[in-house]
Amino acid sequence: MKYLAYLLTFCLSGMLVIPGQAQLNKTIGKVLNSGGSQSGGNLAESDIVSGLKEALKVGIQNGAGKASSLDGYLKNEAIKLLLPPEIQKAEATLRKIGLGDQVDKFVVSLNRSAEDAAKKAVPVFASAITSMTITDALGILKGPDSAATAYLKRTTNQELYKAFYPVVDSALNQNDATKYYTELVTAYNKVPLVKKINPDLKQYATQKAMDGLYLLVADEEKKIRENPAARVSTVLQKVFGN
């Protein structure tokens, strides 16, 4: 049982690279070695695995909920979708030729598309959580500090991309992002002596929407480990209680 306690300590501390991680490692280790609850006693292996899965489940639901809300991306500077790199280089020129308003509208519509896509994330993540085993946890233990994050991305990235791409494609059209994008690229490419641009908008928007969602889930995982109020189920309170 002591080995399992150490296992979860390392799994959780390795889940995501966050500020203050050393202190979190110490706190989680102390909790698990003392039995994981105020009433004492050893945690069963099933409790440990359930606690890990539940923490991820809650983090994903909360993260996806924030991302899919109005301004979930647009008003969050950490995940806000900006102009594609190629257009960022052209932004100054576009504003000089009177297209500043279209640039701003494009950024808004781009983020609205990401917010729409985030609604499709929970089922994809839930499937990955359900399939997590103690063997997966051992792999996280033996891997680098980012091994758990790599596991989550490895097991969800392909399916999440498949789920996001058509939603982003549709949302880009519905929110006029494709229209603004076409106007901006067409206008810029008419400027004499500039290098022509035509970045893949759908691919860019899909990947950036996914990146932002992963980051929000990371923030929610941190809350569960640090804040008792974020432990919203019995199993979370049992595993992470002090």
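Me: Why is the crossing of α5 and α9 called left-handed?
Reply: A crossing gets that name if the near helix is turned anticlockwise from the far one by less than a right angle, and right-handed if clockwise. The crossing of α5 and α9 is left-handed, in a predicted model where local features need pLDDT of at least 70, side-chain atom pairs count only at pLDDT 80 or more, and totals for chains, interfaces and linings use all residues. Residues are numbered from 1 along each chain as its sequence is written, and side-chain values use heavy atoms, leaving out hydrogens and water.

Me: Which residues make the contact between α5 and α9?
Reply: With contact meaning heavy atoms within 4.5 Å, α5 brings Gln102, Val103, Lys105, Phe106, Ser109, Leu110 and Ser113, and α9 brings Ala177, Tyr180, Tyr181, Glu183 and Leu184.

Me: What makes the length of α9 close to the expected one?
Reply: The expected span is 1.5 Å times one less than the number of residues. Helix α9 has 13 residues and reaches 18 Å from its first C-alpha to its last, close to the 18 Å expected.

Me: How do you know that the buried residues of α9 line one face?
Reply: Ala177, Tyr180, Tyr181, Leu184, Val185 and Tyr188 are buried (under 20% relative accessible area, with exposed over 50% and partly exposed in between, using a 1.4 Å probe and protein chains only). Down the axis of α9, the buried residues fall within an arc of 125 degrees, so they line one face. That arc is taken from the directions from the helix axis to the C-beta atoms.

Me: Why is proline 85 called partly exposed?
Reply: Proline 85, found in helix α4, has 43% relative accessibility, so it counts as partly exposed.

Key: Helix = DSSP H or I, 4+ residues; strand = E, 2+ residues; numbered from the N terminus.
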